[in-house]
Amino acid sequence: ISWDQPAAALHNWIRGHDKVPGAWTKIDGQVVTFYGSSLLDDSVPAGQELAIKGASRPGLITKNGLVVFGSDGKMVLVRNLQFEDGKMIPASKYFSVDETTALELTEEEKKMAEEIRAIWKGILSNIAVIEDSTDFFKSGASSMHVVRMLEEIKQKYSELHLQNEDVYMATKFADFIQMAVRKFRGEDKEEELVIDYVSKNVNNMTVNMPYQCFINGQFVNADDGKTYDTINPADGSVIASVSSASLADVDKAVAAAKEAFENGEWGRMNAREIGLLMYRLADLMEEHQEELATIESLDSGAVYTLALKTHVGMSVQTFRYFAGWCDKIQASECGATIPINQARPNHNLTFTKKEPIGVCAIVIPWNYPLMMLAWKSAACLAAGNTLVLKPAQVTPLTSLKFAELSAKAGFPKGVINILPGSGGLVGQHLSEHPDVRKVGFTGSTPTGKQIMKSAATNLKKVSLELGGKSPLIIFSDCELDKAVKMGMGAVYFNKGENCIAAGRLFVEESIHDEFVTKVVEEIKKMKIGDPLDRSTDHGPQNHKAHLEKLLQYCETGVKEGATLVYGGRQVRRPGFFMEPTVFTDVEDHMYIAQEESFGPVMVISKFKNGDIDGVLRRANSTEYGLASGVFTKDISKALYISEKLEAGTVFINTYNKTDVAAPFGGFKQSGFGKDLGEEALHEYLRTKAITVEY
């Protein structure tokens, strides 16, 4: 290694010779070869100085490896060192390499050592006797022999889990045995995840709910010790006292995510390994689906059967879908070479590469707590990023359970961090944080605008899924009973707490009265009650403040002259229940015609028979553009309307039909960017163009 070079040149030299022959230097009079290099763009870390021959300043042995300095003062991190005798060590262990006391083996362990010696002898057939000093690779072994040796050991000792890297770190027989015995005894195991639960016997099971912040792979109290109560909307009781993250916790979580991305195991994983982790996590979510659905029902008021099928079921599907994308991003999103002008006689090759962005902040709403987590996090992780997620303050519990399952799936520390608490505090600080490179947000339009302003501090990439006032147009030539059923689902699905809910129905004049009559008849059949009761159709609103806002919304509709046909009141029972509500005679200027309720309120307006362009004008006269729908048997009419509606999603003769493979996102003040489908990956990737002259 020539040390009179900038850090980037040193990094390229080291990684360019990573396998053979290796980039070397002299330390303490002996040749030391460097492996595993990365650029370190941060403040100088704490560490112990190490003199390096020819270098203008000493290196630093840190907890993450050896930091060396280029001529420009910038840093390179080296993870592994190999000595002249072939021994390789983590660079972080340089000063403690000789401090480990040799183990005294038990009789069982001595027997294991002799069986491993026989395996080595079978591979190293050119060596007469396997001595303690025998070096596996200097005796002629190759990388293929590493696989054979580990598989033979696994056949005899299935409980001993060794990796290829273990062999490279202990190439001499005696060192290998010491390492294997330590693993056999479990001495090298990472600290076990400690979880304090709030446990409840409910829904014919015991649910165990973490309630602390999840930072760098550990559940911890908030830095300042603050907590808040999360409430069961079915009866108003306290479910748990949850840690309320502070600004210091945000800084810790972002630092952990940055470390995991830049220097941790996550950054060294290949795409298929990330995909396997995501598949494993999806399997664990499915294994715990009843517990997750119960927690979701307790914390958000979701009807259990809906929570099981949609809140949890679609979350599992989302992780599996994006797990499949992990090793296909380059093929689909990139894989392109670009012809460019060439200055003869030179030849140039230009190609593009998709890269992860880095640390992503994800802020999600309270209506689908787990599903909104999955929609954003799965794409984020599949692209190779790390994340800090803030669940809605009123619904943190499934996000924290997800954190537990992610740790059990084997996600490295720092990759996933969950911070319950205040949006104004935690969400705001994440939006402004200089080490966060991307914000994904689902929530209200005013909050989305504030996030855009905050993200401008370091020009973060932003994607926003915001408010809606989705129009649903019902023509007289529709299949009426289906339109009634689907129209009710468009409004009352998930208690109306649905971002794509039909905020305004336009019903053709000739069928208007019949449509309203049929809707009211069906509402009267709906069972309102305990969301854990399998026969319940309609559960409580998410939280008390939201219920009060809905009641005020209905009062405003009545004051402005709309006809309250049904509902509009709180149900007389404990909890935050509201009657499914129907308004008719809603005119375009009214508040309830322009603003979404985000609740079980059907807002119906008539339109004149055959007035297609007129109803389209009215449907589009909103600042929102998330979703829309049309019911008609005339496919030409339906396609014409689908072209003219200004919305990111158009449903024809159906509603609420989302799928993990279909992109989802809005127009106008409903935001920009996509969740789900291949397009969601673009939100969490950046494109690099590379030109080579040859």
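## Contacts, helix packing and aromatic pairs

Among contacts in the chain between residues at least 6 apart in sequence, 69% connect residues that are at least 24 apart. The structure is a predicted model, and the values below are computed from it.

The chain has 694 residues, of which 54% count as buried. Its secondary structure comprises 22 helices and 31 strands. Along the principal axes, the C-alpha atoms fill a box of roughly 95 × 70 × 45 Å. The chain exposes about 30400 Å², and 50% of that area is supplied by carbon and sulfur atoms.

**Packing of α9 and α13**

Helix α9 covers residues 289-300 and helix α13 covers residues 397-409. Their axes lie 9 Å apart, and the two helices pack at an angle of about 155°. Angles over 145 degrees count as roughly antiparallel, and α9 and α13 are therefore roughly antiparallel to each other. On the α9 side, the contact involves Glu291, Leu292, Ile295, Glu296 and Asp299. These meet Leu397, Thr398, Lys401 and Leu405 of α13. By class, the residues of this contact divide into four nonpolar, one polar and four charged.

**Aromatic pairs**

The structure holds 18 aromatic pairs. Two of these are set out in the table, with the distance between ring centres and the angle between ring planes.

| Pair | Centre distance | Plane angle | Arrangement |
|---|---|---|---|
| Trp366 and Phe598 | 5.3 Å | 85° | edge-to-face |
| Phe651 and Tyr655 | 4.8 Å | 50° | tilted |

Planes over 60 degrees apart count as edge-to-face, so the 85° between the rings of Trp366 and Phe598 puts that pair in this class. Trp366 sits in the loop between β16 (359-363) and α12 (369-382). Phe598 sits in the loop between α19 (591-594) and β25 (601-607). The pair therefore ties together parts of the chain that are 232 residues apart in sequence. Both Trp366 and Phe598 are buried.

In the second pair, the ring planes of Phe651 and Tyr655 stand at 50°, so the pair is tilted. Phe651 is buried, as is Tyr655.

Ring pairs also join several residues into a cluster: Trp120, Phe136, Phe137, Tyr168, Phe173 and Phe176.

Methods: Residues numbered from 1 in each chain as written. Predicted model: local features only at pLDDT ≥ 70, side-chain atom pairs only at ≥ 80, totals over all residues. Heavy atoms only, no water. Axes fitted to C-alpha atoms, helices over the stretch in contact; angles between N-to-C directions. Helix = DSSP H or I, 4+ residues; strand = E, 2+ residues; numbered from the N terminus. Parallel < 35°, antiparallel > 145°, perpendicular 65-115°, else oblique. Contact = heavy atoms within 4.5 Å. Nonpolar A, V, L, I, M, F, W, Y, C, P; charged D, E, K, R; others polar. Buried < 20%, exposed > 50% of the residue type's maximum accessible area, 1.4 Å probe, protein only. Areas by Shrake-Rupley, 256 points an atom, 1.4 Å probe, with all protein chains shown as cover. Phe/Tyr/Trp six-rings, centres within 6.5 Å; stacked < 30°, edge-to-face > 60°.
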